[in-house]
Amino acid sequence: MTEEDSEKNYRSTLPGPLGIVDTWISRAESAILALGVILMALNTVANVVSRFALGESLHFSEEINRILIVMITFAGLGYAARHGRHIRMSAIYDALPTGGRRALMVVICLFTSLVMFVLCYFSIGYIETLYGRGRVLPSLSIPVWIIYLWVPVGFTITGIQYLLTAIKNLTSRDVYLSTHVVDGYKDTETEV
């Protein structure tokens, strides 16, 4: 089963309502990321075709891609956390026994979750500042603050994901990098 297949059939292993929230967030992230990448590709292709066929670029194309990049980046934060794909520095962590790794992972996840929620708070303040300035995109005339609504959404989803990972580690015997990715190294060597 490929990663794409496992994402389509993703079912959270968290108990009760936490599992429902986790599954719903997973599906929403996948839909947002897929839609964003497809729209960005279509917009870019349309701009290239317009440039060569009409001799002129679409004047709003850069602004649409800017909106989509912000959306994909901050929706992708939660996706990366869900799949245990964030960068880790694990020299000390790897030297610990399983119980120590699990305890450290709980602390790491709770701290990271807290940082994400704090960043969410500050991003809301930034959006309020942009709102007060009244800036708009030149071509689309969309207020700039609307573009950045994805930032607190992404930080909130990522904070929730790390919080769920901490809960998973508290309720499990294994050590989890995310709610469904068990810590460990895959054997990439093949036997001859």
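Which residues does the UniProt annotation "transmembrane region" cover? In the unreviewed entry, that annotation covers residues 32–52, 64–82, 103–124 and 144–164. UniProt positions are given in the numbering used here, feature names are shortened, and annotations may be inferred rather than shown by experiment.

The model is predicted: local features need pLDDT of at least 70, side-chain atom pairs count only at pLDDT 80 or more, and totals for chains, interfaces and linings use all residues. Residues are numbered from 1 along each chain as its sequence is written, and side-chain values use heavy atoms, with hydrogens and water left out.

The protein chain holds 7 helices and 0 strands. Helices (H or I, at least four residues) and strands (E, at least two) are DSSP runs, numbered from the N terminus. Along the sequence the pattern reads α-α-α-α-α-α-α. The C-alpha trace spans about 60 × 50 × 35 Å along its principal axes.

Two of the annotated spans were examined in the model. Residues 64–82 are 100% helix and 0% strand, and their end C-alpha atoms lie 27 Å apart. Residues 144–164 are 90% helix and 0% strand, with end C-alpha atoms 32 Å apart.

Helix packing was described by axes, which are lines fitted to C-alpha atoms, for helices over the stretch in contact; angles run from 0 to 180 degrees between N-to-C directions. Angles under 35 degrees count as roughly parallel, over 145 as roughly antiparallel, 65 to 115 as roughly perpendicular and the rest as oblique. A crossing is left-handed if the near helix is turned anticlockwise from the far one by less than a right angle, and right-handed if clockwise.

The axes of H2 and H3 come within 9 Å and cross at roughly 150°. H2 is therefore roughly antiparallel to H3. Their crossing is left-handed. The contact of H2 with H3 comprises 13 nonpolar, 10 polar and 3 charged residues. Here Ala, Val, Leu, Ile, Met, Phe, Trp, Tyr, Cys and Pro count as nonpolar, Asp, Glu, Lys and Arg as charged, and the others, Gly among them, as polar.

H5 and H7 cross at roughly 165°, and their axes come within 8 Å. This angle therefore makes H5 and H7 roughly antiparallel to each other. H5 passes H7 in a left-handed crossing. The contact of H5 with H7 divides into 18 nonpolar, 8 polar and 1 charged residues.

H2 also packs with H7, at an angle of about 140° and with the axes 11 Å apart. H2 and H7 are therefore oblique to each other. The crossing of H2 with H7 is left-handed.

A cavity is a set of points where a 1.4 Å probe fits but cannot get out, and a pocket is an open set with protein on both sides within 12 Å along at least five of seven lines. Lining residues have an atom within 4 Å of a point. Grid points are joined across faces, edges and corners, and a volume is the space filled by probe spheres set on the points.

The count is 1 cavity of 30 Å³ or more. The largest cavity has a volume of about 40 Å³. Its lining is formed by Glu-29, Ile-32, Phe-74, Ala-75, Trp-150, Val-153, Gly-154 and Ile-157. Helix H2 (16–54), helix H3 (61–82) and helix H7 (150–170) each give two or more residues to this lining. H7 contributes the largest share, 4 residues. By class, the lining holds 6 nonpolar, 1 polar and 1 charged residues.

The second largest pocket has a volume of about 270 Å³. It is lined by 16 residues, of which Ile-87, Arg-88, Met-105, Ile-108 and Tyr-162 lie nearest its centre. Helix H5 (residues 98–133) gives the most to this lining, with 5 residues. The pocket lining divides into 10 nonpolar, 4 polar and 2 charged residues.

One backbone feature lies in a loop. Ser-141 is found between H5 and helix H6 (144–147). Ser-141 has a positive phi of about 55°, although it is not a glycine.
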